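Dear colleague,

Please find below the structure that I am handing over to you, followed by a summary of what was found in it.

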Amino acid sequence: MGLFSNQFANVVEWEEWNEEMVFWKWTNREIKKGSRLIIRPGQDAIFLHNGKIDGIFTEDGDYDIESEIIPFLSTLKGIKFGFNSGMRAEVLFVNTKEFLMKWGTQNPILIPTPQLPGGMPIRANGTYTFRVSDYTSLIENVAGVKNSYGVADLRNRINPFIDQLLMKWITTEGKDMFNLQANATLIAAGIQKDLSYDISDMGMEITGFQVMSFNYPKEVQDMVTKTASQSMVGDIGRYQQVSMTDGMASGAMNGGGVASDMMGMMMGMNVAGQMMKNMNETMQQVGATPMQATPENPQATPGNSQATPQTPQMPPQTSQTPSSAQITQETAATPSSGTKPNFCPNCGQKTGEGNFCPNCGQKLI
């Protein structure tokens with residue numbers, strides 16, 4: 001008997017192992033005396049009898065079915081192996097890992113928005129993870145009619161549903177239609193909840209859902225960028241000034257030298273006027289006197305002279321330049337008289353100690 005005891009034995013294992021497979025079924029074959037069950041890491045083995053779970057084995061290893069498996073089964077534990085007879089059973093191998101999948105909208109989805117009557121066309125992409133969570137539901141609704149199931153099968157069911165959920169949750173959580181990324185976490189959480197509920201009848205659950213990016217049409221993106229630039233500089237006037245400055249700095253405005261200078265002067269005057277206006281508005285808000293320029297003093301001074309401390313007045317300085325009468329009187333003494341004049345008869349410069357004018361060199365005596 002020893003020579004023929006294992007000649008009909010077989011090995012029950014996942015024969016078509018693939019990382020992208022969710023489950024695979026060893027089906028409708030007879031298990032002989034001496035057969036072995038091999039469970040690899042990341043796998044669970046489920047013995048089925050008449051489509052019902054008869055035993056679940058989660059520890060990886062190499063087991064003798066007769067002595068190590070059958071005693072733990074519910075219905076098949078009374079089976080006795082004969083010399084030529086065995087038992088017929090199905091063994092479902094389940095991949096227990098968490099699967100990572102990418103998703104993306106196949107076509108733009110139109111999100112209702114007041115700014116665009118036809119809707120905002122948006123694309124999005126990201127990732128999600130799932131795993132098998134309920135063996136009973138998996139067997140009753142999926143494995144009962146399929147011998148294998150891969151991630152591609154689940155993708156075909158889930159991805160079309162994602163587009164509908166995106167529209168739902170963007171409308172619900174999208175506070176700013178032009179900055180959906182700011183609410184991406186809330187949108188993703190809502191989609192994950194609905195998506196997990198949708199596949200719960202398959203014995204699976206969504207363990208994570210991420211929105212990596214929202215993509216707008218180029219025209220809309222350009223409009224968003226331009227609007228952000230305008231809000232950054234405060235108003236249209238300053239936006240135009242910034243645009244002109246950028247154009248001149250980049251060489252986009254290559255007019256003649258005089259035209260460029262005139263434009264620069266006009267821009268400077270406009271910027272100065274705008275600054276004065278902003279300062280006045282600020283001072284009015286805090287209750288101070290607005291600034292204004294006077295013809296005598298182009299510098300901005302407070303408009304209320306009574307509220308402003310008076311600057312001490314300095315005594316008037318006498319002019320160092322003599323009048324014509326003084327020059328005529330002082331130059332009455334000419335070199336011919338032998339007396340040195342106080343002012344040069346040639347240029348009117350006040351003379352010093354020397355005999356010649358320090359300014360023009362005229363001989364004084």
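In which sense do strand β3 and β6 pair, and over how many bridges? Strand β3 (residues 36-39) pairs with β6 in the antiparallel sense, over four bridges; pairing requires at least two DSSP bridges between two strands, and strands are DSSP runs (E, at least two residues), as helices are (H or I, at least four), numbered from the N terminus. Leucine 37 stands opposite tyrosine 63 in β6. The open sheet has three strands, in the order β1-β3-β6, with mixed pairing. Because β1 (11-12) and β6 (61-64) each have a single partner strand, they stand at the edges, and one side of each lacks a neighbour in the sheet.

This is a predicted model, in which local features need pLDDT of at least 70 and side-chain atom pairs count only at pLDDT 80 or more, while totals for chains, interfaces and linings use all residues. Residues are numbered from 1 along each chain as its sequence is written, and side-chain values use heavy atoms, without hydrogens and water.

The protein chain averages a pLDDT (the predictor's confidence in each residue, from 0 to 100) of 76.

Kind regards
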